[in-house]
Amino acid sequence: MNVLVQGVLLGGFYALLACGLSLMFGVMRIINLAHGDIAVIGAYLVWVLVNQTSMPPWLAALLVLPIMWVAGYVMYVLLLERSRRAGQLVPLLTTFGLAIVIENVLLQIFSPDDHSLLSSTGTLATSSISFGGLTISIFGMLTLATAVVVLIGLQFFLSRTTSGRQMRATAEDPDVAELVGINARAVYAKATAIAVAIAGLGGIFLAIRQTFNPSTGPTQLIFAFEAVVIGGFGSPWGTLLGGIVLGVAQVIGAQVNPQYFVLFGHLVFLAVLASPRGGLLSRRGRTV
Amino acid sequence: MSQEDALVKAGGVNFVERLVAGHELSRRDVLKAIGAGTLTLAGGGLIEACGSALGTTGGSSSAGTIKIGFVSPLTGPDAGFGEPDPYVISLAKKAFASGLTIGGKKYNVQIIDEDSQSGTRAAQAASDLINAQNVDLILTTSAPETVNPVSDAAEAAGVPCISTVVPWEAWYFGRQSNPAAPVPFKWTFHFSFGVAQFANAYEHLWPQIPTNKVVGVMWPNDADGNAIRAALGPMLKAAGYTIVDPGAYADGTTEFTTQINEFKSKNCEIFNTFPIPPDFVTFWEQAAQQGFTPKIAQIAKTGLFPSQVEALGSLGNGLASGVYWGPTWPYSSSLTGVSSAKLASGYEASSGKEWNQQAGASLALFDVAAAALKASGDPKNKQAVATAMKTLAVDTPLGHLAWGTGPNPNVVPTPIIGGQWVATPGSAYPIDFVICENSNDANVPVAAKLTAYS
């Protein structure tokens, strides 16, 4: 039982990392290979603010998110817009290149030293509540709650607001959307901006959960990607479910034998990939 | 990929050659200029890493120049090891500036440094050095992912190679075609700690605190973890410790509840691990959440450098570790004359960062290189250099190293000294390593007794 709870909490972390990846694929059909590295940028920005100005981490996070939002917008306009026009494969290569550039720029600026927000968040990362044999990490719950809030927000945005509806329309068929007066370019830029901001948020939680350095990004990408695939590409709730399924599969694997932790996650991922239905919550012909 | 390869691929060489034909410029000078241009434009680590080899190869290669290749991880997950290398190389270059006089002849010495990218580029860096640069000697350091491929390439090509900072068992047996019947290597030589040094240090460190001698271990399913399980486990058992091993876990695991529960239920008062650094932090946070706080937390492979421990905040204070060099080592570099204390303070002054144990090991490589070249009598003769290595004795910041006295002809074991990371509020750096035992080298002064983690 305790193990299942830990798996669900872990799933919340994966879901938070995966939201932006899922959104970008759902709207633009772009798999952003730099997603993990963008999350690490968010972690570095908060770390710099906290250490230079000794402001509390939550305030730094509030400042960093708009910065990431703008960075995402710029990233779309400067990089993805052009490569999108050149076909399906080019954006993939662009984000791959971007990942390498980000890692090396971070290495130049920050050196390979490990950093973390552990020391500036006090006992947040290590405190827990326990009852009846269950130990529940406060930080794990906070991560899961944040993931749920972000996903509810995303769902609300997509289904209830004009911009969100435009985004869904553009995702379905960009040409028809343009015909009825939607500026697809602006919609895509907005989607990238949101995705990058959420990635930055995920990076901040990552920075409290473990240490990070310029080469942390790619390992984060794998689990986020698996969560997205398991849940079904482009479905916000699917991403949460995918993260939780992945987390639970991993802890069950570790229960069988510690070396099966990563393996069980990969097996679930493969099983979902091979199944005719695709992701758990994927709906044919309709994304987002 | 070196800058030259890149240009060839891009079809740029024709252009360069045409340019050279019309001017009094060497092809190399032009390449260098282009390299510098790219460097300024891009400013990225990757490009700089490619360019650095070029930057150091300036000048004409006369018959009297000895070329030394140096391969270490400057980027990627092991980049922490590479941090002091630029400073160490600058010391070596200064010492070599006036050349080396061997057998009455004076040779220029040129150092060509290459980035292994923590392993992904190690074999290619070695083949660049061997085939394109025609180096006379290769030095390599820091983790099996970098050192083993470079050593293998040197062995295959018949180029002398000296390496360090890989447990010697992983270097010697890991590279044999049949580890059960090892055959000594002809061209590759190594100095580094081994499993016996860890066991010895632990057996002298742990009794300083009364415990139930039950050790919970987190040894991952990778080259280091499995070597430690096979070798260190039996040694600790023989010394009277009970090992609680939940089993090998995969690197990259993010949830450790199963292991923590087992350690708690078996009442492990000592904890030992050889993880990749990010895994340890995840584990240690979860251990704190779930109330597993051993009296001794002995970590290896992570927590080697102050920055890794600082990042843990208060969780890092009191972690026990082992180091292969430190500022209080009472030895000096024979090539540069720099003492251990000077090496540490010099690195701190030039980088603005706290001392890093890799500085001592990297500088020792250059001490060994210079001594081997001198002892060979003919440094351009690779066979003579390799023969000289077999009986070489040399003073380094790690101590006196003598080949031919170790467990096999290729290896000299070096000490691991046990101690503890202790927060030092109010001083220049927030945390420092305090030495608590010196069983592997009695000349290193002990500073304090081990104190309990919790």
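This is a predicted model: local features need pLDDT of at least 70, side-chain atom pairs count only at pLDDT 80 or more; totals for chains, interfaces and linings use all residues.
Where in chain B is Cys436(B) found? Cys436(B) sits in the segment after strand 16 of chain B, the strand that covers residues 431-435.

Leaving out residues up to four places away in sequence, Cys436(B) touches, among others, Leu205(B), Gln208(B), Gly418(B), Val446(B) and Leu450(B).

I turn now to Trp421(B), which belongs to strand 15 of chain B, residues 417-423. Is Trp421(B) buried or exposed? Trp421(B) counts as buried, with 23 C-beta neighbours inside 10 Å. In sequence, Trp421(B) and Glu310(B) are 111 residues apart, yet their C-alpha atoms are 9.5 Å apart in space. When residues up to four places away in sequence are not counted, the residues that Trp421(B) touches include Gly303(B), Val309(B), Leu319(B), Ile431(B) and Phe433(B).

Next, helix 16 of chain B. This helix, residues 358-376, has 19 residues and reaches 27 Å from its first C-alpha to its last, close to the 27 Å expected at 1.5 Å a residue. Of those 19 residues, 17 are buried, so helix 16 of chain B is largely enclosed by the rest of the structure. The helix is followed by Gly377(B), whose phi is positive, near 80 degrees.

We come to the nonpolar core. The largest one has 226 residues, and those with the most contacts inside it are Val46(A), Ile138(B) and Ala369(B). Helix 8 of chain A, residues 184-209, gives the most to this core, with 17 residues. Domain 2 (63-193 + 329-413) and domain 3 (196-323 + 424-435) of chain B both give residues to this core, so the core lies between them. As for Val46(A), its contacts beyond four places in sequence include Pro57(A), Val64(A), Leu117(A) and Ile204(A).

Finally, the two chains together. How many residues of chain A are in contact with chain B? The answer is 39, and they meet 38 residues of chain B. Among the elements of chain A that give two or more residues to this side are helix 1 (2-28), strand 2 (134-137) and helix 10 (236-256). Helix 4 of chain A gives the most, with 6 residues. By type, the residues on the side of chain A that touches chain B divide into 15 nonpolar, 21 polar and 3 charged.

Note on methods:
Residues are numbered from 1 along each chain as its sequence is written. Chains are lettered from A and ligands numbered from 1 in the order in which they are written. A nonpolar core is a set of buried Ala, Val, Leu, Ile, Met, Phe, Trp, Tyr and Cys residues joined through C-beta atoms within 7 Å. A residue is buried if 20 or more other C-beta atoms lie within 10 Å of its own, exposed if 12 or fewer, and partly exposed in between; C-beta atoms are placed from the backbone. Helices (H or I, at least four residues) and strands (E, at least two) are DSSP runs, numbered from the N terminus. Domain bounds come from an automatic or database domain assignment. Two residues are in contact if their C-beta atoms, placed from the backbone, lie within 7 Å. Ala, Val, Leu, Ile, Met, Phe, Trp, Tyr, Cys and Pro count as nonpolar, Asp, Glu, Lys and Arg as charged, and the others, Gly among them, as polar. The expected span of a helix is 1.5 Å times one less than its number of residues.
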